[in-house]
Amino acid sequence: MRGLFKNKPFVIMLIAIVLLGILAFATSGERSVSWLESTLGAVVQPVQTFASKASDSIIGFFQRIFKTTDADKELEQLSARLAQLEGVAEENEKLQAENERLKKLLNYSGVSEDYTFVTAAVIGNSQGIWFDVFTINAGRNKGIQKDMAVVNADGLVGRITEVGATWSKVTSIIDSSTEVSVMVDRTRDIGLTRGTLTAGDDNMLELYFLASGYDLVPGDVIITNGMGSVYPRGITVGTVTEVARRTEGSSADRNAALQPSVDFGHLEEVMVITGTGEEEGEE
Amino acid sequence: MRRAALPIALLIGIYLDSILFCRLNISGIRPDALLAVAVSAGVLLGSVKGGLLGVGIGLFMDVLFGKCVGLSAIAYMVAGAAGGMFYQKFYADNVIVPAGVAAVSALLKEHIMMLAVRLSGGTFSYAEMVGAYVLPSMLLTVALTMPVHVLLKRALARQVRTEHRAGRA
């Protein structure tokens, strides 16, 4: 054992592990991005934006491979012209889908005239399933600030947790450390949602702290209640899928399981709420 | 071109881990391409270079995509340095050694992440996560490490040979 500590590389690595552990602990809380991180992100952001856009074609390619039968493949090889046309059609389809998505976002921003938005593309995600954090291609240059709410046409996505010069990090509402103050749209009962960590890609939320005697049925829509300064009131969070039976003396037990209204598996564009219409008017 | 092999491998790894595997995976199960590169580089270039490369990769990923800075860096550094323990100690064609190191490193990395989630207040079933996510992801990482090592070995062949000779001298 003593010999192990005489091994210089081993000792250096041990020290590095301790230092990195301290760094991880220090950066796990609320903090602002250092200039070094901001610059690194700004350099990488254009490349990531390009790579993220290019991924759509790559994913389409793989999907085509897995969804095509042998006969189709053979046919494709024989008729190059047809394949070419199919490629064009696919490109059109992709553009149409993108158009639909952007139209939907535009409609949403039209409907929610109370807020001002900045639209941004998702350019990277955290590795693994442990944290639900993603990076978008808008930062201080677009007026983004920490703790701004992030939405898309379907509902609440998360909040800005780090802001760089041209990029920001968003912690989504399905992250296991994120809590959102909400209410049941039908009954106006107030509660709290928390992300759950499960293996697989079935992103779910849990609803806690409803007042005793709550009236909740599957299908109830949960919206933000506007308490706190992060999430504005009235944004859809999810739908109740399963109501839990409350047990005596266990106030921390969840009241319900929710299906988030946002499809986090296919998040490509989001909108950051940068302010309210009233604020804009005052300026 | 050969000199650029490692940077190219890293760029591809960053792209795969931060974009492609997040969208294209099997029920959330995905390999760790950068871990494969770190392990392979460690085996081919030694503990110091492997460890340094691991820290670099980890810090980069933490800064740009992680929740806190340092967690991935620890895992990748250990992976690179662990790979280096087998530096010049076996036939370079052997892919079992890097695959084994990748398996252990992947387990270590997922457990570091698990611990971080627990400390930040997240709750989950350990057995379920290990059975349904950690082990399948580890197997995918192992499977990916083998071709990555073969390709990197071929690309870094000259550098490895030079270092081999220097080592003998």
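In this predicted model, V150(A) has V272(A), a residue of strand 12 of chain A, as its bridge partner. The two strands concerned are strand 3, residues 149-152 of chain A, and strand 12, residues 269-276 of chain A, which pair in the antiparallel sense over two bridges. This pairing belongs to a barrel of chain A that six strands close in the order 1-2-5-4-3-12, with antiparallel pairing. On average, neighbouring strands of this sheet are turned by 45° against each other, direction ignored.

Strand 2, residues 133-136 of chain A, runs antiparallel to strand 5 of chain A, and four bridges join the two. Strand 4, residues 155-163 of chain A, also runs antiparallel to strand 5 of chain A, here with five bridges. K169(A) of strand 5 takes part in both pairings: K169(A) is the bridge partner of T135(A), and K169(A) is likewise the bridge partner of E162(A). Strand 4 and strand 5 of chain A form a hairpin, with four residues between them.

How many residues of strand 5 of chain A are buried? Strand 5 of chain A spans residues 168-172, and five of its five residues are buried. The cover extends to both faces of strand 5 of chain A, with S168(A), V170(A) and S172(A) on one side and K169(A) and T171(A) on the other.

Strand 11 of chain A, residues 256-260, has a covered face and an uncovered one. A256(A), L258(A) and P260(A) make up the covered face, while A257(A) and Q259(A) make up the uncovered face. Strand 11 of chain A pairs in the antiparallel sense with strand 8, residues 205-208 of chain A, over three bridges. In this pairing, L258(A) of strand 11 is the bridge partner of L205(A). Strand 11 of chain A also pairs in the antiparallel sense with strand 10, residues 236-243 of chain A, over five bridges. Q259(A) in strand 11 of chain A stands opposite T239(A).

Chain B brings the description to helices. Helix 2, residues 33-45 of chain B, and helix 3, residues 47-65 of chain B, have axes that come within 7 Å and cross at roughly 160°. Angles over 145 degrees count as roughly antiparallel, and helix 2 and helix 3 of chain B are therefore roughly antiparallel to each other. The crossing of helix 2 of chain B and helix 3 of chain B is right-handed. From helix 2 of chain B, the contact involves L34(B), A38(B), A41(B), G42(B) and L45(B). These meet S47(B), K49(B), G50(B), L53(B), G54(B), I57(B) and M61(B) in helix 3 of chain B. The residues of this contact divide into seven nonpolar, four polar and one charged.

The contact takes 36 residues from chain A and 41 residues from chain B. On the side of chain B that touches chain A, at least two residues each come from helix 1 (5-23), helix 3, helix 4 (71-84), helix 5 (96-119) and helix 6 (126-155). The residues of the side of chain B that touches chain A divide into 25 nonpolar, eleven polar and five charged.

How values were computed. Residues are numbered from 1 along each chain as its sequence is written. Chains are lettered from A and ligands numbered from 1 in the order in which they are written. This is a predicted model: local features need pLDDT of at least 70, side-chain atom pairs count only at pLDDT 80 or more; totals for chains, interfaces and linings use all residues. Two strands pair if DSSP finds at least two bridges between them. Axes are lines fitted to C-alpha atoms, for helices over the stretch in contact, and angles run from 0 to 180 degrees between N-to-C directions. Angles under 35 degrees count as roughly parallel, over 145 as roughly antiparallel, 65 to 115 as roughly perpendicular and the rest as oblique. A crossing is left-handed if the near helix is turned anticlockwise from the far one by less than a right angle, and right-handed if clockwise. Two residues are in contact if their C-beta atoms, placed from the backbone, lie within 7 Å. Ala, Val, Leu, Ile, Met, Phe, Trp, Tyr, Cys and Pro count as nonpolar, Asp, Glu, Lys and Arg as charged, and the others, Gly among them, as polar. A residue is buried if 20 or more other C-beta atoms lie within 10 Å of its own, exposed if 12 or fewer, and partly exposed in between; C-beta atoms are placed from the backbone.
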